[in-house]
Amino acid sequence: MATRRTDGMNADGTKRGRRRALSAGLVVATVLTTALSVWLAVGLSGQRAAEQRRQDILAAARQSALNFTSLDYRHYDRDSGNVLKSATGDFKEQFAAQTEQLTELVAENKSVSEGQVLEAGVVRSDTRSARVLVVADSKVTNTAVPNGEARTYRLQLDLVLQDGHWLTSGVEFVG
């Protein structure tokens, strides 16, 4: 004779309850795993975007410093134009205002400056602005030093993002 349970559950009911609990546990584990994966992917995407922004800032600062330290009297219009293309704001206005005087000065002295960026590092940045320190060497020749003279520059460049391009808004010589 079969025994009867008094709690209203039989052996099949117990198995069904365990299956439901197991299914619910698997659903919860799947949801948590999916949420964690999405959270990690979003974080990784943010890190990649920040690293790409940092690389873009460094590339723009390096090019701006190279343009600024590489000027040749034989094609000064082109060289100063390169400086102005990567400039904005007060720096662009100041450099443009001095271009006529500088053109005469470099032509008169037959000045050639061949720049080379040695190091660059981002001091601070956000999505719209950055400050970069750059160390650059330059070999300068002119009528006073026809065999050339090595110069080292330590520059602080301030950059801003305009129309998808990082442009130099300020340049300071630092010690």
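**Notes on an aromatic cluster and a helix pair**

1. Phenylalanine 173 has a relative accessible area of 53%, so this residue counts as exposed. The model is a predicted one.

2. Tyrosine 153 is at 18% relative accessibility and therefore counts as buried, the cut-off being under 20%.

3. Five aromatic pairs are counted in the model. In the pair of tyrosine 153 and phenylalanine 173, the ring centres are 6.0 Å apart and the planes stand at 50°, so the pair is classed as tilted. Tyrosine 153 belongs to strand E4 (residues 149-162) and phenylalanine 173 to strand E5 (residues 165-173), so the pair ties together parts 20 residues apart in sequence.

4. Tyr153 and Phe173 also belong to one aromatic cluster, together with Phe68, Phe91 and Phe95.

5. Helix H2 (residues 76-85) and helix H3 (residues 89-109) have axes that come within 10 Å and cross at roughly 165°. H2 and H3 are therefore roughly antiparallel to each other, angles over 145 degrees being counted that way. The crossing of H2 past H3 is right-handed.

6. Sorted by class, the contact of H2 with H3 has eight nonpolar, three polar and two charged residues.

Notes
Residues are numbered from 1 along each chain as its sequence is written. This is a predicted model: local features need pLDDT of at least 70, side-chain atom pairs count only at pLDDT 80 or more; totals for chains, interfaces and linings use all residues. Side-chain values use heavy atoms; hydrogens and water are left out. Axes are lines fitted to C-alpha atoms, for helices over the stretch in contact, and angles run from 0 to 180 degrees between N-to-C directions. Helices (H or I, at least four residues) and strands (E, at least two) are DSSP runs, numbered from the N terminus. Angles under 35 degrees count as roughly parallel, over 145 as roughly antiparallel, 65 to 115 as roughly perpendicular and the rest as oblique. A crossing is left-handed if the near helix is turned anticlockwise from the far one by less than a right angle, and right-handed if clockwise. Ala, Val, Leu, Ile, Met, Phe, Trp, Tyr, Cys and Pro count as nonpolar, Asp, Glu, Lys and Arg as charged, and the others, Gly among them, as polar. Rings of Phe, Tyr and Trp (its six-membered ring) pair if their centres lie within 6.5 Å; planes under 30 degrees apart count as stacked, over 60 as edge-to-face and the rest as tilted. Buried means under 20% relative accessible area, exposed over 50%, partly exposed in between (1.4 Å probe, protein chains only).
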